[in-house]
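Please consider the sequence and the model shown below.

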Amino acid sequence: MSSDLTRRGFLKSAGAVAFSAGVLTGASHSWAQAKKPSTEAAKAKAKVEARAFLCGILKTQTQYMLKDTRVGTPFNIPVTFFLIKHGNDWVAFDTGNNALVAKDPVAYWGEAVTKAYFPVMKDYEEFHVQIERLGIKPKDIKAVILSHGHLDHAGAIDNFKGTDVPIYLQKAELEIIKKAVEEGKKTAYIPEDFKVIDELNIKTVDGVFDLFGDQTVVAFPTPGHTGGHQSLLVKQTEGKPLVLAADAMYTLENMQEAIPPGLAMDIPQALQALYVFKAMKLIGSEVVPSHDPAYWKEKPIAPKPFVF
């Protein structure tokens, strides 16, 4: 790696930490962002509260989560997604697996994928079924923020077919998804997950995106695992601010020991994201790993609020 690239990486990491510190302390910033779904919500101090959901598990091995670590050791990991309530509006962060994963995972994901990550999911764990228990239907959601397009995060975007619900993802990630769909291979990107993409209200962002304009629900780039990965900062009314890392940090061990994810498009970038998360934890955030079974064992699951 060149010294110039190293300096650029450092400055990007430092900028992300400065951004997070500013949001956590309530400082005012102006960020380039896509059009927000609600301007009225930004004018008032809306109550903000997150709820976490489990969408089955993946039976895998440790080296796929923690690069070159405890190779061959079985590791059963949770699949997670979130709803965030902002005033009267609901926002989804990721959607979990597609419903067909509960019926025939090998047929839907393919043999090669399921050899590395075998999903165990019940029909009642699908996205729309779980949120409907809270009295919410996909069409009622104000916005969806996708961390990235992988099969266990974007699998249920078809729930938003024919609605006007905006689905936000980084511009770079959409380009990767389009290429994967064109190639037609079942990888971590499942082409069938995007078969209705032309019937979805896809919106791209490029950089930091403050959804409501009040610094309470803010997506920010954390590339490495994929080229367009993003994580989400949620500044709740009660408890610690949350940093929903998604697959930029599978487990707490990734962050604590600076071990990159087993699946990463760019390992140096993935490590930079882990350093950012460590700094965000030091300034008071609850950094939430997406797939850590030990972390999720004792955490509150919807309908309980995800508050610490």
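The paragraphs that follow move from model confidence to individual side chains.

This is a predicted model, and its confidence deserves attention before any detail is read. The average pLDDT of the chain is 90, and 86% of the residues reach at least 70. Two stretches stand apart from this picture. Over residues 1-15 the pLDDT stays under 50, and the model gives this segment five contacts beyond four places in sequence. Residues 25-35 also have a pLDDT below 50, with 20 contacts beyond near neighbours in sequence. Where pLDDT is low, the predicted coordinates should not be read in detail.

The structure contains ten aromatic pairs. One of them joins Phe82 and Trp296 in a tilted arrangement, with 6.0 Å from centre to centre and 55° between the planes. Phe82 belongs to strand β2 (residues 74-86) and Trp296 to helix α9 (residues 293-296), so this pair ties together parts that lie 214 residues apart in sequence. Phe82 counts as buried because its relative accessibility is 4%, under the 20% limit. Trp296 likewise counts as buried, at 4% relative accessibility. Trp296 also pairs with Tyr295: the ring centres are 5.7 Å apart and the planes meet at 75°, so this pair is edge-to-face. Tyr295 and Trp296 are both buried. These residues belong to one aromatic cluster, formed by Phe82, Tyr295, Trp296, Phe306 and Phe308.

The charged end of Lys299 sits over the ring of Tyr295, 4.1 Å from the ring centre.

Lys186 leads on to the salt bridges. Side chains of opposite charge can pair when their charged atoms come close. The structure holds nine salt bridges, including one between Glu192 and Lys186, whose closest N and O atoms are 3.2 Å apart. Glu192 is partly exposed, with 31% relative accessibility, and Lys186 is partly exposed at 32%.

Another salt bridge links Glu286 to Lys240, with 3.7 Å between the closest N and O atoms. Glu286 is in strand β12 (residues 286-289), while Lys240 is in the loop between β10 (230-234) and β11 (242-246), so the pair ties together parts that are 46 residues apart in sequence. Are its two members buried or partly exposed? Glu286 counts as buried, with a relative accessibility of 10%, whereas Lys240 counts as partly exposed at 36%.

A further salt bridge joins Lys139 and Asp140, where the closest N and O atoms are 3.4 Å apart. Lys139 is exposed because its relative accessibility of 56% lies over the 50% limit. Asp140, at 41%, counts as partly exposed.

Gln130 is placed in helix α5 (residues 127-132). With a relative accessibility of 8%, Gln130 counts as buried. Leaving aside residues up to four places away in sequence, Gln130 touches Phe53, Leu54, Cys55, Phe81, Tyr124 and Glu125.

Notes:
Residues are numbered from 1 along each chain as its sequence is written. This is a predicted model: local features need pLDDT of at least 70, side-chain atom pairs count only at pLDDT 80 or more; totals for chains, interfaces and linings use all residues. Side-chain values use heavy atoms; hydrogens and water are left out. pLDDT is the predictor's confidence in each residue, from 0 to 100. Contact means heavy atoms within 4.5 Å. Helices (H or I, at least four residues) and strands (E, at least two) are DSSP runs, numbered from the N terminus. Buried means under 20% relative accessible area, exposed over 50%, partly exposed in between (1.4 Å probe, protein chains only). Rings of Phe, Tyr and Trp (its six-membered ring) pair if their centres lie within 6.5 Å; planes under 30 degrees apart count as stacked, over 60 as edge-to-face and the rest as tilted. A charge sits over a ring if NZ of Lys or CZ of Arg is within 6 Å of the ring centre and within 35 degrees of the ring normal. A salt bridge is a side-chain nitrogen of Lys or Arg within 4 Å of a carboxyl oxygen of Asp or Glu.
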